Amino acid sequence: MSFPKQIPRAVKELRLHLCQTGQTSRGVRQFIQSQYPSIKSSNPDLKVLIREAAGIEPRAFVRFERGAESVTSLSNLSEKDVASELGRLISSQTPGSA
């Protein structure tokens, strides 16, 4: 599964936690650099929060309607794998998804 260009309205927030310099966060940093502009231009009302802290495990959180949240680890993933994992996370609780 790839990262959707248009994110469903049921998704209220996308949070990415990563280390600024750690190798385990490299794919997440690359994903942010290449995909963030298109994500925001396609989804201007979506809250995208990027949290950097030294030495933490890279993770993604997706908050849905009514406060439901899903989380996954992004440790040691490539940029492409980060996009796939986020796409899977977004579709995990979106109504009408497989």
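Me: Where is serine 25 found?

Reply: In this predicted model, serine 25 sits in the loop that runs between E1 and H1.

Me: And is serine 25 buried or exposed?

Reply: Serine 25 counts as buried, because its relative accessibility is 0% and the cut-off for buried is under 20%.

Me: What does serine 25 touch, leaving out residues up to four places away in sequence?

Reply: With those residues not counted, serine 25 touches Leu18, Cys19, Ile56 and Pro58.

Me: Ok, the sheet next. What's the strand order?

Reply: The sheet is an open one of four strands, in the order E2-E1-E3-E4, and its pairing is mixed. Strand E2, residues 47-52, and E4 are at the edges, and each has a single partner strand, so one side of each lacks a neighbour in the sheet. On average, and with direction ignored, neighbouring strands are turned by 15° against each other.

Me: Which helix packs on the sheet, and which strands does that helix touch?

Reply: That is helix H1, residues 26-42, which touches strand E1 (11-18) and E2, and the direction of H1 makes about 160° with that of E2.

Me: How do E1 and E3 pair, parallel or antiparallel?

Reply: E1 and E3 pair in the antiparallel sense over six bridges, and in E3 the bridge partner of valine 11 is phenylalanine 64.

Me: And over how many bridges do E3 and E4 pair?

Reply: E3 and E4 are paired over five bridges, also in the antiparallel sense. Arginine 63 stands opposite glutamate 69 in E4, while alanine 60 has threonine 72 of E4 as its bridge partner.

Me: What about the hairpin of E3 and E4, how many residues are between the strands?

Reply: There are four residues between the strands of that hairpin, and arginine 66 takes a positive phi near 60° there. Arginine 66 is a residue other than glycine with a positive value, and its place is the loop between strand E3 (59-64) and strand E4 (69-73).

Me: Is arginine 66 buried or exposed?

Reply: Arginine 66 is exposed, because its relative accessible area is 88%, and exposed means over 50%.

Me: Changing topic: what's the volume of the largest pocket, and which residues line it?

Reply: The largest pocket has a volume of about 240 Å³. Gln6, Ile7, Pro8, Arg9, Val11 and Lys12 are among the lining residues, and so are Ser42, Asn43, Pro44, Asp45 and Leu46.

Me: How many of those lining residues are nonpolar, polar and charged?

Reply: The lining of the largest pocket divides into five nonpolar, three polar and three charged residues.

Me: Where is proline 44, and is proline 44 buried or exposed?

Reply: Proline 44, one of the residues lining the largest pocket, lies in the loop between H1 and E2, and it is exposed, with a relative accessible area of 56%.

Me: How far apart are proline 44 and glycine 55 in space?

Reply: Proline 44 and glycine 55 are 30 Å apart, C-alpha to C-alpha, and 11 residues apart in sequence.

Terms used. Residues numbered from 1 in each chain as written. Predicted model: local features only at pLDDT ≥ 70, side-chain atom pairs only at ≥ 80, totals over all residues. Heavy atoms only, no water. 1 Å grid on protein atoms, 1.4 Å probe; cavity = no way out; pocket = protein on both sides within 12 Å on 5 of 7 lines; lining within 4 Å. Points joined across faces, edges and corners; volume = space filled by probe spheres on them. Nonpolar A, V, L, I, M, F, W, Y, C, P; charged D, E, K, R; others polar. Helix = DSSP H or I, 4+ residues; strand = E, 2+ residues; numbered from the N terminus. Buried < 20%, exposed > 50% of the residue type's maximum accessible area, 1.4 Å probe, protein only. Pairing = 2+ DSSP bridges. Axes fitted to C-alpha atoms, helices over the stretch in contact; angles between N-to-C directions. Contact = heavy atoms within 4.5 Å.
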